[in-house]
Amino acid sequence: MKYAMVIDLTKCVGCNACTAACKIDNSTGFGVKYGQVLEVEAGRFPDVTKFYLPILCMHCENPECLKVCPTGATFRTKEGVVLIDRDRCMGCRYCVVACPYMARYFYNDLKRPLGVPRMDLEDERLGTVEKCDFCIDRVREGDLPACVKACPYEARTFGDADDPNSRVHGLMARAKPLKEDEGFNPSVYYIW
Amino acid sequence: MVMRMEPFRQQEFGWRVALDFLLSGSGSSLFIVYFLAGGGVSAVYMVGPALVLAGLAVLLSELGRPSNFWRSIYNYRASWMARGAIFNLAYTLIWLAMVSLYALRVGNYFPLYAVEFAFSFPVLIYPVMLLYEVKDIKLWRSWWTSALTLLYAISGGSSLGAALSLLYRSGDQIVYASALINVILIVFLFVYIQELRQKQRVYRSVESALREMLYGGGRALLQLSFSGAVVSLAMYVIALAIQPVALLAVPLGAAIDLAGVYSFRLMVLRLGFHEPLVSERRLREMAEGLRKRSGEPQ
Amino acid sequence: MSQVEYIRTTCSICGHNQCGVIVKRVNGKVVEIMPNRDDPMTKGSICPKSIASVQLLYHPDRLKYPLKRDGPRGSGKWIRITWEEALDTVASRLLEIKEKYGPEAVVMARGTNRGSWIRLFNRFANSFGTPNWTESGGAQCFTPRSIAQRLTLGGLALEWPDVENSRTIMVWGANPPATWSPKSVKIIRARSNGARLIVVDPVMSNMASKADVWLPVRPGTDVALALGMINVIINERLYDSEYIEKYTVGFESLKERVSEYTPERVSEITWVPKERIIEAARLFATNRPSSIVISATFDEIVDPIQLGRAVSIISAITGNVDVRGGNIFPETAGQVSIDTNDFIMIDDLPKELDSKRLGADRYPILSKYLKINFPMAHYPTILESIITGRPYRVRAMFIMGGNPMLSIANSEMAAEALSRLEFLAVADLFLSKTAEMADVVLPAASWLEYDGLADSVQATYGHLRIRQKAATVGEARSDTWIMIELAKRMKLKGFWSSEREYLDYILSPTGMTFEQLRERGGAIYHEPSVGSRLKNGFNTPSGKIELYSQTLKEWGYDPLPFYTEPFESPYSTPEVAKQYPFVLTTGRRVSTYFHTAQRNVPALRDINPEPVVEINSDTARELGISNGDMVRVETRRGYVIMKAKLTQGIHPRVVAVQHGWPDEANDNRLTDNTACATGIGSTTLRGLLCNIRREGK
Ligand code: SF4
Ligand code: SF4
Ligand code: SF4
């Protein structure tokens, strides 16, 4: 079993519904984005191409973050999901540096713009590194990850890549991951 | 073709870590300088460890939560942070012993000085270990960066020493030493900048980061550290040449030097060399593909 | 055991009352809001604002009780009062002022439609007897374009593009992915199935990123572009001559009029490459059926009526009005239509008050009762009246869900005016800048906190769904409830005794009560009867689409569309342009905010933490501005400071700022409310002149 996600860039319009859903569902602190949507632009006015690139933890099969973690807080489950044990993390941030996909966040800053209150679980996360967990709690209950569920354009597909009948398996045939030839073997694929 | 992509990337190590490095580095090297110079008044010996204690406080605030402190100590071999916490703590404890003996005026506390002197070296070195340990970041894992980081720490300590020595009229040799260290520093920095230019050619993938470093915000910090070293050197020379102005020139030189040290730390920490998330060639390919609209029908 | 419930309801965070969503509640607490993909109308559309409404609901700063000001205006001292006292105070003070100074001294102003009450608010004002009803949007939103469409097509066809069946979709001055998810979802679906997309937008927006043809028009010159496209369509004989023959009037005079707008000339005016104008016109006219999606640009330029007309004409001459895949006419799902003059009880308003409506003399199309509009007072004129007392002084205002302190042109003036009022009551979710000026503040309910109908003039015609209460916040009550309670206390005619009774009244023609509708799934869907106008005639005096508008001629305006250069532009005011060389649009919107709202919702603020000004990267380099610098954007009226975003997706001489930020980033410090569009009084928000310089890091 290996969970995977395929993101269809032809459908993503950069609306950030996924980012908001992820923030609400995971109750992340200000400045921490397990998932985010990047804007990419190529060309010169008026011949410009622009597209949106949603990124999240790629749940590498061969994760750099795991290799450098000195406490063993980062681990990979049988479902192919890379997780962090918050109680073992000591906040050294080697993994933040090592992750080639910029997926990890160290949280210790409480700075927020004026008038924006705290509405999250900052306390218990203070001083640890956190990142996208493929919404594993939801997935184990049979639900979809929050970002997949939220995307109004159905640009995101999630499922078991090892199951030949799954939609995600079918889409992966024509999708490619980022940095595919560097041996990390990520589980998030893109269609363009 | 102009490309633009700005991932929101978190700054792994920011101003707090830089401050910790500054305080621990100059505190411990101040102690070393004083110990070697062998002069001064006992009270001055207390200043260095006090700075290290301040560094520890900054480090703790950086940890985010108290339990991380114990966790770090438990993982003492594991990381820069654990080592930082342990060394700084041990250093502080010895210092406390020193202070109490001093205050009670009992016994001979010179052995304690010697122990503290010995402990100064790990405190001085652990920041360098952080940089060297992170193998993904080429700027950090470079002999030159390590050497400079260390040199800057010593320079900061001796500058402080020079300033403090004025209070006790303990002679010029520390000012001389500081000036000499600054000369070495300037030479090293000069080579370092050439080295970076070289690297820019070697590592094509880190090019943009280097470009930013040499021409963007990083450059300002690098310049600041460079000119800090030069100006404070000038101050020391003036102080040595014209004794009456020493009272003004030496502290000024020391302050400028410390600012330079801090800028260098900040620059190194800010410019982690991450490979771009997507290579330019791939981005172009994606843009082309999306223009052709190869999406899945719904 | 936790108790999990799923509530199907309809979001209204943006006032369009449209997206069918599912609210997940665990142990009575709302935890998640997700799209309802089974909704046959919106098909799973949603936006970050809706998703983050969980935080809006439990926001610690929400107003929970009615408040009364204690101390001088704006002092920030409040005491908690009961609803009884609050409603009694508002009712008696408004009546008192009506008694003393006449009904016109009371202004009823609305902003965000937090439900389906926009026309109910009209009715409330008319029943109260004041002609001075207005909206913060007002002449800047929906009104001009709906009048233009009614004049030309006899109905709001441009609001209802049948994009799912289109082969070409032209999105004009709109960015649906950020502002109107249901339309956007359908556009992207159609596009995935092969439809071509034309986008008219000065900035490479979310929508433009998906375009086949992007027309980066100079802000404010859209009319010229439209006329240029008509010119191409006519010259190349791409029009549908049979359709024109049968269903339109005035083609010959139109032909003559647009002959001046050659692609060359239009390209000079609009700064859009000539080839693109031709390409877009050809694509739209030949790859049929084609639909047009429009939005607020049609209300915020120098002559909005002309734009609405010109673009309606493009659709008409290519034979795309009232056909499948084109633009079709909205219909109700069988309930009482709120979008009629009967419903708003305009006839109950004494005739002599019609001419007393502020702005009636200068902006008759907006402010006089012309049968095809919902006459409203002109906001800038109201502010003027408060400050100068001419033609009479407005003494009191009742503001529902608006934040004019930020959202209308010339903020300084708005602040000055509000501080001079004798009485101000505000109903809102938070203590907004405007609410801070009030005497009484009423805590309003968000879309998650009441039972209601999602029935909006713009969006949900043909489909009627219910909104269900999912949570309670303090004593916050729905706006409808507030109006009904006030009406009771003021003994207004034509109101109901309870909210439920009102909902049942709206539903009465369907033969169901609200509860019955809820039991039957909470939705009525009604397939639009496409082609009925082609068969039975259009709702215009001639019964046809009026390319040449006799009505406009009778009112004393040009019956054919024409282009006007913006009040301020490199061509109309070259001296000003020397000092302010860049063309400014304040039209940028992001998906996380609705106008001035939601800046305090953490999940949304984290996505767009700072106000952004978009600048062409070449221009920026010349000016020494790098990405992320703070930039000062200055017009003749004032300045704002925003963070620079460098892009190639904008013309080197155009600058785009975001709308809705407070204080030093408030874009309405840049705009002008003295020069307003002919007849309709819209202030120009797109197409001003500005200068930019680096302010700091
Ligand atoms: S919700 Fe979907 S369309 Fe919107 S930004 Fe995320 S992936 Fe893209
Ligand atoms: S993307 Fe980064 S954090 Fe996620 S598994 Fe890979 S290396 Fe680890
Ligand atoms: S899978 Fe879950 S945690 Fe990961 S980005 Fe999506 S919503 Fe966030």
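Here are some notes on this predicted model, point by point.

1. Some ground rules. Residues count from 1 along each chain as its sequence is written, chains are lettered from A and ligands numbered from 1 in the order in which they are written, and side-chain values use heavy atoms, with hydrogens and water left out. Because the model is predicted, local features need pLDDT of at least 70 and side-chain atom pairs count only at pLDDT 80 or more, while totals for chains, interfaces and linings use all residues.

2. Start with ligand 1. It has 13 residues around it, and A:Cys12, A:Cys15, A:Asn16, A:Cys18 and A:Cys151 come nearest (a residue is near if one of its heavy atoms lies within 4 Å). The shell splits into ten nonpolar, two polar and one charged residues. Here Ala, Val, Leu, Ile, Met, Phe, Trp, Tyr, Cys and Pro count as nonpolar, Asp, Glu, Lys and Arg as charged, and the others, Gly among them, as polar.

3. Now ligand 2. Around it sit 13 residues, with A:Cys57, A:Cys60, A:Cys65, A:Cys99 and A:Arg104 nearest. Its shell has nine nonpolar, one polar and three charged residues.

4. On to chain C. The domain assignment (automatic or from a database) gives domain 1 (67-138 + 346-447 + 476-508), domain 2 (157-329) and domain 3 (574-694). Taken over C-alpha atoms, the centres of domain 1 and domain 2 of chain C are 37 Å apart.

5. Rings of Phe, Tyr and Trp (its six-membered ring) pair if their centres lie within 6.5 Å; planes under 30 degrees apart are stacked, over 60 edge-to-face, and the rest tilted. B:Phe21 and B:Tyr126 have ring centres 6.1 Å apart and planes at 90 degrees, so they pair edge-to-face. B:Phe21 is in helix H1 (residues 15-37) of chain B and B:Tyr126 in helix H5 (residues 110-133) of chain B, so the pair ties together parts 105 residues apart in sequence (helices are DSSP runs, H or I, of at least four residues, numbered from the N terminus). B:Phe21 is buried at 3% relative accessibility, and B:Tyr126 is buried at 0% (buried means under 20% relative accessible area, with a 1.4 Å probe and protein chains only).

6. With centres 5.9 Å apart and planes at 80 degrees, the rings of C:Phe124 and C:Phe495 are edge-to-face. Both C:Phe124 and C:Phe495 are buried. They also belong to one aromatic cluster, whose members include C:Trp117, C:Phe121 and C:Trp496.

Conventions: Helices (H or I, at least four residues) and strands (E, at least two) are DSSP runs, numbered from the N terminus. Buried means under 20% relative accessible area, exposed over 50%, partly exposed in between (1.4 Å probe, protein chains only).
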